[in-house]
Amino acid sequence: MSNLDWVVLCVTLLFIALYGMWKSRGMKNIDGYLLADKKLPWYHVGLSVMATQASAITFLSAPGLAYSDGMRFVQFYFGLPLAMIVICIVFIPMFKKMNVYTAYEYLEGRFDSKTRSLTAFLFLLQRGLSTGITIYAPSIILSTILNVDIIYTTFIMGGIVILYTVYGGTKAVSYTQMLQMGIIFSGLFMAAYMVVDMLPANVGLGDALHIAGKMGKLNAIDTQFDLSNKYNIWSGIIGGFFLQLSYFGTDQSQVGRYLTGKSVTQSRLGLVMNGLVKIPMQFFILLIGVLVFAFYQFNTPPVFFNSVEVSQIKESQYAEAFNAQEKLFEEVHQNRQQYVTGLVDALDADDETKVDEIRTALQASKAQEKVVRDSAVSLIAANNILADKNDSNYIFLSFVTKYLPHGLIGLLIAIIFLAAMGSTASGLNSLASTFIVDFYKRFGKKGRSEKSDLNASRWATVAWGFFCMIVALYAGKLGNLIEAVNILGSLFYGVILGIFIVAFFAKNVSGTSVFFAAIVGEIFIIFSAVFELTSYLWLNLIGCVLVYVFAIVLHEVLPKEEK
Amino acid sequence: MINKKEQEEKSPILGSWRNVYILLISTLILVMFLLYVFTQYFK
């Protein structure tokens, strides 16, 4: 990073943080701190909802995922617009009517205290772990650009976000998120333009897409129904619908965002906006990853994208062996470039036979490259047993820092930080809200002042911040982060959603029935995940259906509760 | 169960909430169709 990049990065971050603090000044009570006084218009709600979901992981991991696995991840979002409709019709009016701070507060009125506590506890566990992963993502960047151990960068990054969230609460989160999304979109368009601009003179956007397509990266739609396939149109629409319904309908980090809307209409319009924009936005982010893939067909990529691990091995006893693999990798890749150039010519000449011929040669070359890369990765693992062998989270960052012009590097890194700040702030804010409203205020000393509750909320934010930083230290073992965070959510979302679906639609079922149904359902989901009985998106559907069916059965079996 | 006034609150766009939801579903179908064409074209 040059001085110009550091100036752009620091000025952007400082501006956003000061803007959030200025907008949230004069906060006196818990209503303002947790729900921004419920006065925000629809575009604030919509952008805040989008910024909460689009964390740094989205901008770091999604392009890396597209680079290594193609565009098929976009199908994950197909259930989202349908989930938005259900939330607009059922959830928003219900939460607004009950005038709740957290989604779980509603469950005590509908069921009982223990069901509310269990659901809030499941949320705290899931969101605490997910927010830890969210903090880890920007720590990767800091670690790469400062070339220091990730432990220090995790504490620096976590510390900054805690300070900012503790001071401003929900209002700061929402106001800054609106500005963040504007900067994020502009930066991404610039990045996409730059990737295409840096392709060889005779290779345009169409050629780049054809190359990526011929190498299996533009697999945006897979219509085959297969339970073991993570991403196809069916798992996206059905499993994705249940995941998104649970995430937006019952996860306080999102419920807390749209409860800030000044009316049911404003909250609904915010979610409709999210439903319209989300899939094209994710498609565009994945497309950037595919374009980076096309770029690296004409330029040699590093054998391993995590530069910190590479620096470490180059100073170890394995340096010579690693350098040899690196050289071999470069040779294999340079040989491959003749095929890629041939593919462009064959595509221009519309010569299908030649295209197929070159594609076969490219696949053989790719397999050879993989063998060399695997050997290099084995050396990294031998050098550092704790090393993260999956480098897909570093692909986009490595490209940005190595090839983009100065100034834009600083802006793109600022974007990733802003995204991290937005989603981590929402996560911490929701953890503090749930802890205070669903546990502290219920079980703690009664009759405290507004100021005392506000202070307790701030301390809860600090405590959850530290918990998340500790989780972040272990997040490196989880592989691609955007998948890890969704797999983790899928372990809990289906069960939590099931509890709410029973609450809304099975009016006779009592708290005890749904409480035990949720415990049995959660045990089954954990068992299914551990033994990999199905791909993770389906766990959301299974968890929800299990809780609903068990609750109905238990309602019939258990003795009736007295009201 | 749901506050009737809030449920009946008219959508400020497209005349009714029903129409807004139809727009969402239509957009989803259109996007999936375009992605299918995109996949097939570059395959």
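Me: How many of the 25 residues of α19(A) are buried?
Reply: This is a predicted model. A residue counts as buried when 20 or more other C-beta atoms lie within 10 Å of its own. By that cut-off α19(A) is largely enclosed by the rest of the structure, because the buried residues number 22 of the 25.

Me: What distance separates the end C-alpha atoms of helix α19 (residues 481–505) of chain A, and on which residue is its kink centred?
Reply: At 1.5 Å a residue, 25 residues should span 36 Å, and the end C-alpha atoms agree with that at 35 Å apart.

Me: Which residues does A:Val292 touch, not counting residues up to four places away in sequence?
Reply: With residues up to four places away left out, its contacts are A:Pro63, A:Tyr67, A:Val195, A:Ile395, A:Phe396 and A:Phe399.

Me: What separation do the C-alpha atoms of A:Leu13 and A:Met421 have?
Reply: A:Leu13 is found in helix α1 (residues 3–23) of chain A. It is partly exposed, because 17 other C-beta atoms lie within 10 Å. Leaving aside neighbours within four places in sequence, A:Leu13 is in contact with A:Ala414 and A:Phe417. A:Met421 is 408 residues away along the chain, yet the two C-alpha atoms are separated by 9.5 Å.

Me: Is A:Asn99 buried or exposed?
Reply: A:Asn99 is placed in the loop between α5 (80–98) and α6 (105–110) of chain A. Its phi is near 55°, a positive value in a residue other than glycine. Most residues other than glycine have a negative phi. A count of 11 other C-beta atoms within 10 Å makes A:Asn99 exposed.

Me: What is the phi of A:Glu532?
Reply: A:Glu532 lies in the loop between α20 (511–530) and α21 (537–557) of chain A. It counts as exposed because it has 9 C-beta neighbours inside 10 Å. Its phi is positive, in a residue other than glycine, and is near 50°.

Me: Which element of chain B gives the most to the side that touches chain A?
Reply: In the contact between the chains, 20 residues of chain B meet 23 residues of chain A. On the chain B side, α1 (4–7) and α2 (17–42) each supply at least two residues. That side divides into 13 nonpolar, 4 polar and 3 charged residues. The element giving the most, with 13 residues, is α2(B).

Me: Which residues of chain A does B:Val31 touch?
Reply: B:Val31 is in helix α2 of chain B. With 19 other C-beta atoms within 10 Å, B:Val31 is partly exposed. Its contacts, not counting residues up to four places away in sequence, are A:Ile279 and A:Pro280.

Me: What percentage of chain B counts as buried?
Reply: Chain B has 2 helices and 0 strands. Of its 43 residues, the part that counts as buried is 16%.

Me: Which element of chain A has the highest mean pLDDT?
Reply: The model scores ipTM 0.89 and pTM 0.83. Mean pLDDT is 86 for chain A, where 96% of residues reach 70 or more, and 85 for chain B, where 81% do. Among the elements of chain A, helix α2 (residues 30–35) has the lowest mean, 66, and the highest, 95, belongs to helix α12 (residues 264–298).

Definitions and conventions. Residues numbered from 1 in each chain as written. Chains lettered and ligands numbered in written order. Predicted model: local features only at pLDDT ≥ 70, side-chain atom pairs only at ≥ 80, totals over all residues. Helix = DSSP H or I, 4+ residues; strand = E, 2+ residues; numbered from the N terminus. Expected span 1.5 Å × (residues − 1). Buried ≥ 20, exposed ≤ 12 C-beta atoms within 10 Å, placed from the backbone. Contact = placed C-beta atoms within 7 Å. Nonpolar A, V, L, I, M, F, W, Y, C, P; charged D, E, K, R; others polar. pLDDT = per-residue confidence, 0-100.
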